Amino acid sequence: MRKRLIAGNWKMNGSKPMVRELVSGVLGQLDQGRSAEVLLIPPFPYLPLVGSMTENTPVLLGGQDLSRQASGAFTGEVSGEMLAEWGCSHVLVGHSERRSLHGEDDALVAAKFQAAQAAGLQPILCVGETLEEREAGQTEAVVRRQVGAVIEAAGIAAFARAVVAYEPVWAIGTGQTATPEQAQAVHALIRAQIASEDATIAGRLQILYGGSVKPDNASDLFDREDIDGGLIGGASLTADSFMAIYKAA
Ligand code: PEP
């Protein structure tokens, strides 16, 4: 049985008062009886604050990105070890905003995936097609290529310590969610791609859906066989909406 994971990607949002209010709200609505895990992914400067507020709680902490390098003259970059030192267990790699706005290609994403694991972090590999790619019938090919690049670089065994997030680019921040059928179909493809190399790893792999998940569409998505939770952007910025999604998991 795979654990559900509900991850909040705050993107470049927040302030110290907002972080205090949001994290207090999340902690106040945590239900120790639920098996779903909560992961908060704030901007780097707020990691220490979120980490200190969530210490000795089950809430997990993650980074939004990391450098492919371990250390050195890479101004503005943050290494996996630094994230681990601040208490992160997870880190996003290949978020579509990194791919499209920062030119991250499959090779760089694979290198970051490996750098994350070298630092003891679980990478959350984000994959997904654009609207043009979907309309051209290329969804499967794009997702296979994005996952395949990481299998080739890191090896299939690396997926025993990783999470995959399927995030159709056309659904991120647009209010347009993939239907549960559309999402499940791609999740099943991803699991089958991993299973063709290692069925045990595929059976244990958490595959999250991301793209305009809201309290009112979350449970329909999470009911699907291969959807193991969500990567939540906009709706993770208030405790009420984020925790309503958590309660649907
Ligand atoms: C995301 O940023 O990963 C995301 C899914 O955003 P949103 O929920 O706002 O679509």
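This is a predicted model: local features need pLDDT of at least 70, side-chain atom pairs count only at pLDDT 80 or more; totals for chains, interfaces and linings use all residues.
**Notebook: barrel and annotated sites**

I started with W86 and looked up its contacts: leaving aside neighbours within four places in sequence, W86 is in contact with L47, P48 and G51. Contact here means that the two C-beta atoms, placed from the backbone, lie within 7 Å.

Residues are numbered from 1 along each chain as its sequence is written.

**W86, continued**

I placed W86 in the loop between α3 (80–85) and β4. Helices (H or I, at least four residues) and strands (E, at least two) are DSSP runs, numbered from the N terminus. W86 comes out as partly exposed because it has 16 other C-beta atoms within 10 Å. The cut-offs: buried is 20 or more other C-beta atoms within 10 Å of the residue's own, exposed is 12 or fewer, partly exposed is in between, and the C-beta atoms are placed from the backbone. I also checked W86 against G33: they are 53 residues apart along the chain, and their C-alpha atoms are separated by 27 Å.

**The barrel**

How do the strands run in the closed barrel? There are 8 of them, in the order β1-β2-β3-β4-β5-β6-β7-β8, and the pairing is parallel. Two strands count as paired if DSSP finds at least two bridges between them. From one strand to the next the twist averages 25°; axes for this are lines fitted to C-alpha atoms (for helices, over the stretch in contact), and angles run from 0 to 180 degrees between N-to-C directions.

I then went through some of the pairs.
- Strand β2 (residues 37–41) pairs with β3 in the parallel sense over 2 bridges, and L40 stands opposite L61 in β3.
- β4 and β5 are also parallel, over 4 bridges, with L92 opposite I124 in β5.
- β5 and β6 run parallel and are joined by 4 bridges; here V127 faces Y166 in β6.

Strand β5 (residues 122–127) is mostly covered, with 5 of its 6 residues buried.

**Annotated active site**

Which residues does the UniProt annotation "active site" cover? The unreviewed entry gives H95 and E167. UniProt positions are in the numbering used here, feature names are shortened, and annotations may be inferred rather than shown by experiment.

H95 is in the loop between β4 (90–93) and α4 (96–101). It counts as buried because it has 27 C-beta neighbours inside 10 Å. E167 is in the loop between β6 (163–166) and α8 (180–195), and it is buried too, with 29 other C-beta atoms within 10 Å. Not counting residues up to four places away in sequence, E167 touches S96, C126, G128, I172, G210, G211 and L231.

**Ligand and annotated binding site**

I counted the shell next: 14 residues surround the ligand, and the closest are I172, G173, G210, G233 and G234. A residue is near a molecule or strand if its C-beta atom, placed from the backbone, lies within 6 Å of it. By class, the shell has 5 nonpolar, 7 polar and 2 charged residues. Ala, Val, Leu, Ile, Met, Phe, Trp, Tyr, Cys and Pro count as nonpolar, Asp, Glu, Lys and Arg as charged, and the others, Gly among them, as polar.

The unreviewed UniProt entry puts the feature "binding site" at N9, W10, K11, G173, S212, G233 and G234. These residues span 226 residues in sequence, yet no two of their C-alpha atoms are more than 13.8 Å apart, so they gather at one spot.

N9 lies in strand β1 and is buried, with 26 other C-beta atoms within 10 Å. Among the residues that N9 touches, leaving out those up to four places away in sequence, are L92, L231 and G233. G234 sits in the loop between β8 (229–232) and α11 (239–248), and is buried with 20 other C-beta atoms within 10 Å.

**Positive phi**

Most residues other than glycine have a negative phi. I noted two with a positive value.
- K11 has phi near 50°. It lies in the loop between β1 (5–9) and α1 (16–28), and with 17 C-beta neighbours inside 10 Å it counts as partly exposed.
- N56 has phi near 60°. It is in the loop between α2 (47–54) and β3 (60–63), and it is exposed, with 5 other C-beta atoms within 10 Å.
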